[in-house]
2 protein chains.
Amino acid sequence: MAKKTTRKTSRTPASSTPGKPRSTDKATIANLERLGSTVAKVSVSGKDPIVDVPTRTLSNTSFNKRKRTLEMGDATQQRELFNLNQAKKFMQTMLLASGTKELVEAGKTTSLRGMYYKCLHTIAGTKEKTLGDQSESDAVLEDLEVMLGSLREELHLFAKKAGTMVGNITVIDSGDEIDCRRMGSGGYAIPSIVEPDILQFKKCDAKFVLHVEKNTVWSRFNEDKFWQKHNCILTEGGGQPPRGVRRLLRRLHDELKLPVYCLLDCDPWGHYIYSVIKQGSINLAFESERMAVPDAKFLGIRALDYDRCELTDDVQIALNDRDTSRAKQIAAYPWFAQNKPWQMEIAKMLKNGFKMEVESLITKDISYVTEVYVPERLRERDWLD
Amino acid sequence: MAKKTTRKTSRTPASSTPGKPRSTDKATIANLERLGSTVAKVSVSGKDPIVDVPTRTLSNTSFNKRKRTLEMGDATQQRELFNLNQAKKFMQTMLLASGTKELVEAGKTTSLRGMYYKCLHTIAGTKEKTLGDQSESDAVLEDLEVMLGSLREELHLFAKKAGTMVGNITVIDSGDEIDCRRMGSGGYAIPSIVEPDILQFKKCDAKFVLHVEKNTVWSRFNEDKFWQKHNCILTEGGGQPPRGVRRLLRRLHDELKLPVYCLLDCDPWGHYIYSVIKQGSINLAFESERMAVPDAKFLGIRALDYDRCELTDDVQIALNDRDTSRAKQIAAYPWFAQNKPWQMEIAKMLKNGFKMEVESLITKDISYVTEVYVPERLRERDWLD
C-alpha cells in the first residue's frame, strides 16, 4: 500500500458549471468539425464521400503484456455514402456527429437513450426513420468515439448512474465541495461523468480504495466505519460498475496513486466484474485505455477461503453448467490466460463445485468481513493480481 | 403547492451513531422479547406452542376511501409447533426473531440476504438446513413485521439501496450534516434506512418534491438547476423506487408538508411505479401505512400529451399484449377503479396504442421537459391524483 500522505491536487477548482463549456469541449468540437469539413470538401470536389472508421473487432485488438492493457490496432473500415449497404450508416454517422456537436455546444449532457430520441425523425419525403432502434445509434456513437478519439463522456453522453462513495477524500463536483468523510449512511452518489473538468480531487488522506460489488456489503463497511479505521475510500458500483465508477477508480489510481482492491463474489460474475475494472471489455479496447485499472487487485472471496476461513457448507451455492462454461471463457481472457494464480483460482472454484458470496461471511459473524477478512488480506498482502 | 416557508424541525440532531442503539430499538426488542416469552410460557406450562400471524392476503386488506390508504384487517392464522405442516415454519419464525434480536442488540443492520445467511445452518443431529432458500426467510421476516408491528427497517433490515436526492434541504444522516444544495452532479445517495433516528430534516426551503423515474432524467433536471429555479427537492428511485426512497418521500410529505409530484413514463410500468409510491403493494398493506404517499400527484407523461405537446410519431412505442393486459390490471386497483380521470388516462393510452417515455420529450428540445413541460403542468395545476 502507498504511504500515508496528504495529497492536494494543484488543479484549480471547478471552472465548469453545467451549461458552460468544459475545457475539453473545444478539442471535441474541433474534432467534430474536422470530420464534417473533410466530408464536405470531398463532396464539393465531386468525389464520393467516405469516412474511415477504426475497426472495433477482436482481430484489431491486442493485449500489451508489458503495460497490461488492451490496445486497438490501426485497421479501419471505409464507410461510403454511395454504397447501398453503407448509405444508411453513413447518414447516421453524420446525423449523430451533428447531434453530438449541438449537445457539446449547448453545454448539456444526455443519455444514450436521449441521443437516440434527439436524432430520430422521418427522413423528408419518405416514410423512412433515421434510426431503427436505439442499438443503431449506440453502435454509431461507439464508432464516433474511436473516430474522434473522444471518450463518450467527452461527447457529453452518459450511461446509467449507479454506485456510491465515502471515505477520506474531498472532491469538487461541478463547483460544489463534497467531503466524503461526512456523507452519513447514504454516501455520495458517483456521477455518470467524472471527467476532470466536472470532478476534481481536493484533499485526500486515504491510502487505498476498497471497491465492493454490492451496496449491501458497502453498507456493512460504511456502518463499521472501515474507511475511517483503515484510512481508505470505499466505493461500490451496484454490481457491474457503470462507466462513471470505473473512470473514477482509474482517476483515483492514476492521479492520486491509490491502490485499488476489489472485494467481489467467488463466482464467474465476480471474476467478470474484476476483469472489466482491470481491463474493460475486449470490443471496447479504445475506452479501456482511459478507464481500465490494470493494477487493480482481487482481494477475495477466494475459492480457498472455504477451508482457510473454516466456513460451513451453508455458504455453498452449486455451480451450474452456465457458470462452468462462463468460468472457462473468463480463464481464457488474455490477462488471465497466462496468469498462473488466476488459472489456479478458477480451477479451484471449478473443483469446489460451488460459488460463494461476500455476504455469506456473515455465517462467521456479522462484522467478520470488515474486522477480520479484509484486514487480514491487506496485512498479509494476500490478493490476486 | 404549499406556501414558501423555511422550516426547521425541532428534532434534535442525530443521537444515533452506527453501532449505538437507536431510539426505536428498545420498543423493537421489547416486542421481540414478548413474542419469545409468550411461546416459552406456553411451552413450560405443557401446552402446544402457538403464535398468531396476521393474514397477509388480499381478503384481509381493505381500501379506506376516506383516508385513501390500504388497511390490514384483523384476521390471523395460527402457526403451531406440533403440526407437521407448520413445524418448520414455526421454527423459522423463532429462529429469525432471535436473529433479528441479536442484530438490533448489536446496533447493526444487514440485508435480507445477510439475514438469510445469518440464520442458515444444519439442524443439529440431522442433515436438514434451517432454511431452503432466501425466499423462505424473506416470507417469515414479512410475517414478523406484521406480528411485531415493526417496519423491516426497525428490525435493522434493509433492501437494495438506489436513488439520489438534491435540492433545497439540509439533512442529518447518522450525525453528518448534508447540504443537498451543494451535491454537485452526483447527488446524495438516499440510504436504505431513513427512519427518524438515522435521518433528520434540518433546514428545508423547498416548496415541493419532484420525483422522476430514471436517473438519466434526474440528471437533466439537476444539470438545468430545476430545483434551484423552482425551489424544490429532486429525487429519483432508479426505476421502481426502493423502500428507502418511498419512506423518504412519505416523511418529506408528512413532516415537512411537501406535495410530491411524480414524472414517470406513459406506460403500465410508469403507472405501476406511481401506484406503489401512492399506495404500496396490496399484499404488504402493513408497510403501506407508513410508506405510501396517498396524496402523490402524477404530473405526466400523459396520453393526451401526444396531441397537446404536438409530438411526432418518433415518440411512439407500440403497446404489446403484455402492456395491454397489465394496463387493465392496474386500472382495476382499488385506488384507480373509481377514479374517473385515471380510468380515462389508461383508456386513452390503450386507444393511442402506444407508450411514451419522459426522455422522448427531447425530440422537442433537450430542455423542453425542464423548461416547458413540468413548469406548465405545475403552473396550471394539471396532474392526475
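Me: Which residue stands opposite Ser62(B) in β4(B)?

Reply: Glu71(B) of β4(B) is the residue facing Ser62(B). A word on the source: this is a predicted model, where local features need pLDDT of at least 70 and side-chain atom pairs count only at pLDDT 80 or more, while totals for chains, interfaces and linings use all residues. Residues are numbered from 1 along each chain as its sequence is written, and chains are lettered from A and ligands numbered from 1 in the order in which they are written.

Me: How many bridges join β3(B) to β4(B), and do these strands run parallel or antiparallel?

Reply: Strands (E, at least two residues) and helices (H or I, at least four) are DSSP runs, numbered from the N terminus. Two strands pair if DSSP finds at least two bridges between them. Here β3 (residues 61-64) and β4 (residues 69-72) of chain B run antiparallel and share four bridges. Their hairpin has four residues between the strands, and Arg68(B) there takes a positive phi near 55°.

Me: What value does phi of Ser174(A) take?

Reply: Most residues other than glycine have a negative phi, and most peptide bonds are trans. Ser174(A) has a positive phi, near 50°. You will find Ser174(A) in the loop between β9 (169-173) and β10 of chain A. β9(A) and β10(A) form a hairpin with two residues between them. These strands run antiparallel, joined by four bridges, and Asp173(A) stands opposite Asp176(A) in β10(A).

Me: Is the peptide bond from Gly300(B) to Ile301(B) cis or trans?

Reply: Look at omega: its value is near 0° from Gly300(B) to Ile301(B), a cis bond. In chain A, Gly300(A) and Ile301(A) are also joined by a cis peptide bond, with omega about 0°. Ile301(A) sits in the loop between β16 (297-300) and α10 (305-308) of chain A, and Ile301(B) lies in the loop between β16 (297-300) and α10 (305-308) of chain B.

Me: On to helices. At what angle do the axes of α11(A) and α13(A) cross?

Reply: Axes are lines fitted to C-alpha atoms, for helices over the stretch in contact, and angles run from 0 to 180 degrees between N-to-C directions. Angles under 35 degrees count as roughly parallel, over 145 as roughly antiparallel, 65 to 115 as roughly perpendicular and the rest as oblique. Two residues are in contact if their C-beta atoms, placed from the backbone, lie within 7 Å. For residue classes, Ala, Val, Leu, Ile, Met, Phe, Trp, Tyr, Cys and Pro count as nonpolar, Asp, Glu, Lys and Arg as charged, and the others, Gly among them, as polar.

Now the case: α11 (residues 321-331) and α13 (residues 340-352) of chain A have axes that come within 10 Å and cross at roughly 170°. That is why α11(A) is roughly antiparallel to α13(A). From α11(A), Thr324(A), Ala327(A), Ile330(A) and Ala331(A) make the contact, and from α13(A), Gln343(A), Ile346(A), Met349(A) and Leu350(A). By class, this contact has six nonpolar, two polar and no charged residues.

Me: And how do α2(A) and α4(A) pack, at what angle?

Reply: The axes of α2 (residues 87-106) of chain A and of α4(A) lie 9 Å apart, at an angle of about 75°. The two helices are therefore roughly perpendicular to each other. Residues of α2(A) in this contact include Leu96(A) and Ala97(A), and those of α4(A) include Val140(A) and Leu141(A). The contact of α2(A) with α4(A) has five nonpolar, four polar and three charged residues.

Me: Into which domains is chain A divided?

Reply: Domain bounds come from an automatic or database domain assignment. Chain A has domain 1 (25-149) and domain 2 (164-379), with C-alpha centres 33 Å apart. In their contact, 13 residues of domain 1 of chain A meet 13 residues of domain 2 of chain A. On the domain 1 side, β3 (61-64), β4 (69-72) and α4 (134-148) of chain A each give two or more residues; β4(A) gives the most, with four. That side divides into five nonpolar, four polar and four charged residues.
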